[in-house]
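Dear colleague,

My notes on a helix pair and on a pocket follow it.

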Amino acid sequence: MNEGQNNTFIDVELGNEAAYALMAQLHRRAFEAQGEKAWTVHSFRELLQSPGMKATIVEKDNCPFGFFLYRIVADEAELISVGLDPLYQGQGLAALVLSRLQSDLALAGVKQLFLEVRQDNKKAIKLYTGFGFKKIGERKAYYYVKGDKKVNALVFSLKLPNIDLGLMD
């Protein structure tokens with residue numbers, strides 16, 4: 001658990017069913033309003049059993065408001081999902097979460113971060129490009145939303161800084 005300005009970052013341990021349930025609840029709050037199907041407790045359980053998969057729950061004043069789920073493979077990472085309760089959006093907390101993720105990944109030796117975002121999610125695209133992400137591709141009809149509507153995904157990438165910890169072999 002790590003803290004900063006009434007915000008707490010809690011790394012999810014494998015087998016933590018309460019955390020899986022909380023992430024499913026937060027995912028539902030964050031994505032159902034956009035017409036996306038919410039992920040289930042089973043979805044989170046299965047994802048977190050995959051090699052390299054990690055998740056962090058974020059709290060403000062002891063109230064969980066978001067999560068991020070990512071996978072590290074060698075020196076690359078993919079942001080699988082990030083979700084914030086709509087009641088906490090517009091407060092700069094998404095930037096806080098993304099900053100934390102970037103720091104954790106850079107410290108872990110990750111050199112590049114990839115993500116996909118719905119092409120109609122203008123707020124997220126603005127956030128990502130503001131952090132220096134570059135669009136590198138597009139996946140046609142990637143997301144399915146209510147009414148069998150299909151939405152393209154934009155693929156972004158960010159080169160992370162090398163962090164010299166000053167450790168000697």
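The axes of α1 and helix α2 (residues 41-48) come within 8 Å and cross at roughly 120°; axes are lines fitted to C-alpha atoms, for helices over the stretch in contact, with angles from 0 to 180 degrees between N-to-C directions. Helices (H or I, at least four residues) and strands (E, at least two) are DSSP runs, numbered from the N terminus.

From α1, residues E17, Y20, A21, M23, A24 and H27 meet V41, F44, R45 and L48 of α2 (contact: heavy atoms within 4.5 Å).

This is a predicted model, in which local features need pLDDT of at least 70 and side-chain atom pairs pLDDT 80 or more, while totals for chains, interfaces and linings use all residues. Residues are numbered from 1 along each chain as its sequence is written, and side-chain values use heavy atoms, without hydrogens and water.

The largest pocket is lined by 40 residues, with F31, V82, N121, A124 and Y128 nearest its centre. A pocket is an open set of points on a 1 Å grid over the protein atoms alone, where a 1.4 Å probe fits, with protein on both sides within 12 Å along at least five of seven lines; lining residues have an atom within 4 Å of a point. Elements giving two or more residues to this lining include α1 (17-31) and α4 (122-130). Strand β5 contributes the most, seven residues.

Kind regards
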